[in-house]
Amino acid sequence: MSKETFFYICNQLRPGLAPHSAHFHPTLPLEKRVAVALWHLATNVEYQTLSPLFGVGPSTVQSCVREVSYAVVLLLKPLYLRLPDEKELENMARIFCTRWGFPHCIGALDSLHIPIHPPLRLTADYCNGQGWHSILTQATVDGLGQFWDVSTAFPGSMENSAVLESSSLWVLAKEGRLCPNPPKHFMGKAQKYVLLGDATYPLQDWILKPYQEDENLTQRQLQFNYRLKRAHSVIENAFLRLKARWQILLKCDDCSLELLPTLVLACCILHNVCEAHDNPFNEEWLEGTEPTELPKPCQPAPAAMEDNRAEQVRELMCQYFESCGEG
């Protein structure tokens with residue numbers, strides 16, 4: 001994070017971090033509180049290790065992390081992580097098509113499992129399909145890799161399809177709030193904007209996923225899969241950059257389950273702030289962000305959730321890509 005972005009964040013958070021807060025020593029400057037919290041989120045250094053670096057006690061570090069995370073969500077979320085309006089959705093579809101070659105699309109959808117140490121009474125709930133404990137975050141990014149919808153703190157044992165049905169994104173889509181009314185035309189037909197997912201999500205008229213790979217796929221279907229997977233990589237890259245910049249998400253050991261949703265949301269918001277302000281990103285930070293000992297769960301979506309009408313949307317996309325030729 002650049003110095004300019006740091007002081008911008010401090011100024012934005014000032015109304016929510018009043019100096020008379022009971023959680024802080026009255027002489028601890030706001031900039032120091034924010035620095036302590038951001039340092040912890042970025043490095044995942046334990047409270048006891050971090051406290052002497054700033055000359056404060058571990059309990060003060062913990063308070064800084066909690067209060068700054070809440071302030072980020074309260075004051076920066078309305079600016080950097082919100083539902084786009086109709087004009088913004090149109091612009092997102094244009095950018096996505098320009099950058100990723102996938103038309104009529106407003107984003108990519110995926111999930112992130114964050115390793116945790118759950119309370120003993122909840123170990124079964126948070127044990128995911130690969131046998132390790134996690135909380136599950138569902139996120140959607142635009143063509144620039146910035147988050148515009150995040151639902152978090154689901155137990156790791158839940159499948160992506162179940163999380164989707166429980167999320168605000170599902171409600172927004174069912175209410176028709178992810179596209180204009182009436183929908184804009186695509187290939188001569190009124191068509192909702194789409195999101196791109198993988199096999200863990202159900203096929204819907206607003207969520208597209210690849211055809212199941214087998215020897216019977218046509219050339220058009222193979223081309224569709226190639227195009228979708230290439231475009232879907234925008235969220236895979238966004239997750240990598242998110243975890244690389246905010247390494248608390250590599251393993252949340254020092255954080256209570258109650259604080260986790262706020263902490264994860266704060267990291268997603270801060271990711272957007274850094275990306276929107278063109279802060280430099282060091283590729284070396286990516287080392288260790290995908291630990292091989294923690295493989296990602298990938299349970300396919302149940303067939304009962306599939307929308308048969310969505311097959312027509314995939315076919316329209318196949319026609320579009322065929323008309324465009326290889327690419």
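The legends below describe close-up views of a predicted model.

**View A. Helix α2 and its packing partners.** Helix α2 covers residues 30-43, and its 14 residues should span 20 Å at 1.5 Å a residue; the end C-alpha atoms lie 20 Å apart, in agreement with that value. The buried residues of α2 are Leu30, Arg33, Val34, Val36, Ala37, Leu38, His40 and Leu41. These buried residues pack against α1 (3-13), α3 (47-54), α4 (58-80) and α9 (260-276).

**View B. Salt bridge between Arg82 and Glu88.** The side chains of Arg82 and Glu88 form a salt bridge with an N to O distance of 2.7 Å. Arg82 is partly exposed because its relative accessibility is 38%. Glu88 is also partly exposed, at a relative accessible area of 25%.

**View C. Salt bridge between Arg220 and Glu322.** The side chains of Arg220 and Glu322 meet at 3.4 Å, N to O. Arg220 belongs to helix α8 (residues 219-245) and Glu322 to helix α10 (residues 310-324), so the pair ties together parts that are 102 residues apart in sequence. Arg220 is partly exposed at 27% relative accessibility, whereas Glu322 is exposed at 51%.

**View D. Salt bridge between Glu275 and Arg245.** The closest N and O atoms of Glu275 and Arg245 are 3.2 Å apart. This pair links distant parts of the chain, with Glu275 in helix α9 and Arg245 in helix α8, 30 residues apart. Both Glu275 and Arg245 are buried.

View E. The whole structure contains 13 salt bridges.

Key. Residues numbered from 1 in each chain as written. Predicted model: local features only at pLDDT ≥ 70, side-chain atom pairs only at ≥ 80, totals over all residues. Heavy atoms only, no water. Helix = DSSP H or I, 4+ residues; strand = E, 2+ residues; numbered from the N terminus. Expected span 1.5 Å × (residues − 1). Buried < 20%, exposed > 50% of the residue type's maximum accessible area, 1.4 Å probe, protein only. Contact = heavy atoms within 4.5 Å. Salt bridge = Lys/Arg side-chain N within 4 Å of Asp/Glu carboxyl O.
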